[in-house]
Number of protein chains: 2
Amino acid sequence: MAATPETNLVERWRDVLSCYSAVSCALERALQDAHGIGMSEFEALDRLVDAQCDKRRMNELATDMYLSQSALSRAVARLERDGLVNRGMCPDDRRSIFVCITDTGRTKHAQARETQRAVLAEHLA
Amino acid sequence: MAATPETNLVERWRDVLSCYSAVSCALERALQDAHGIGMSEFEALDRLVDAQCDKRRMNELATDMYLSQSALSRAVARLERDGLVNRGMCPDDRRSIFVCITDTGRTKHAQARETQRAVLAEHLA
DNA sequence: AGCTGGTTAATGCAATTGCATCAAATGCAC
DNA sequence: GTGCATTTGATGCAATTGCATTAACCAGCT
């Protein structure tokens, strides 16, 4: 049977869609239940930990992530409210904001990463 | 370099996430701009067309799709408001609702599918 | 210096979503 | 039949998101 390229694309898209839906739903719930943070917040912490410098500008984070600028702004606001990051001024460019992960944020991320890996192992295996 | 299974899982998840984000964002915008419907609405129409009988119960649709029951209920409400589907009583079980695609809905779906395939060809290639 | 255009982050707003709840209807046990 | 748990779809509510706008700032030009 010869599948047309279009059919293949639609099939692949459905696969991505169902995979994403199942995993993101499970991940969102697990992170929220166990650590009180959402997927977006965890992803942001993840990027901050990945960058060895521990501080990144908002727009760097935004381009690394899949979030819109406004959504990232609010996600960082929630992280700051919970004491997981600090927002600091950037001396080079006073429009920019440095986002710095706190010790609490580091701990939270380490714990949440365990949850993430467990969920991925179960739903992405 | 030997990647641990966990690292592989996280990598795969990031791939899924970035693929989903890019495609769903483009798809959402394209469908909205060209046809005035969202991705969820298109998916619902798609399931209705796939089922040759043209009418399905809400809960059948919900299990086929990635949406929660309440989100589907509202998506169908939007489709009905736009005249793309009708909701009808089910004689067998008066709790259930039959969702029937209209001729307008069929036309809209056929047009939107072209847009979908174009977007997939561009962003999932 | 002054002005214009572009960049950065925050915010008002509308829309969608999921959770919890609700009402109606079904079915099963008695 | 009566009663109780389950199922089905709708709705109130809070939370997140993206778009458009805003304010502050920067860079380049005259």
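Reader: Which residues in α2(A) and α5(A) meet?

Author: From α2(A), A:Phe42, A:Leu45, A:Asp46 and A:Val49 meet A:Gly105, A:Lys108, A:His109, A:Ala112 and A:Gln116 of α5(A). Contact means C-beta atoms, placed from the backbone, within 7 Å, and helices are DSSP runs (H or I, at least four residues) numbered from the N terminus. By the way, this is a predicted model: local features need pLDDT of at least 70, side-chain atom pairs count only at pLDDT 80 or more, and totals for chains, interfaces and linings use all residues. Residues are numbered from 1 along each chain as its sequence is written, while chains are lettered from A and ligands numbered from 1 in the order in which they are written.

Reader: OK, and at what angle do α2 and α5 of chain A pack?

Author: About 115°, with the axes 10 Å apart. The axes are lines fitted to C-alpha atoms over the stretch in contact, and angles run from 0 to 180 degrees between N-to-C directions. So α2(A) and α5(A) are roughly perpendicular, a label for 65 to 115 degrees.

Reader: Last one: how do the copies meet?

Author: Through the same surface, because 100% of chain A's interface residues are also interface residues in chain B.

Key. Helix = DSSP H or I, 4+ residues; strand = E, 2+ residues; numbered from the N terminus. Parallel < 35°, antiparallel > 145°, perpendicular 65-115°, else oblique. Contact = placed C-beta atoms within 7 Å.
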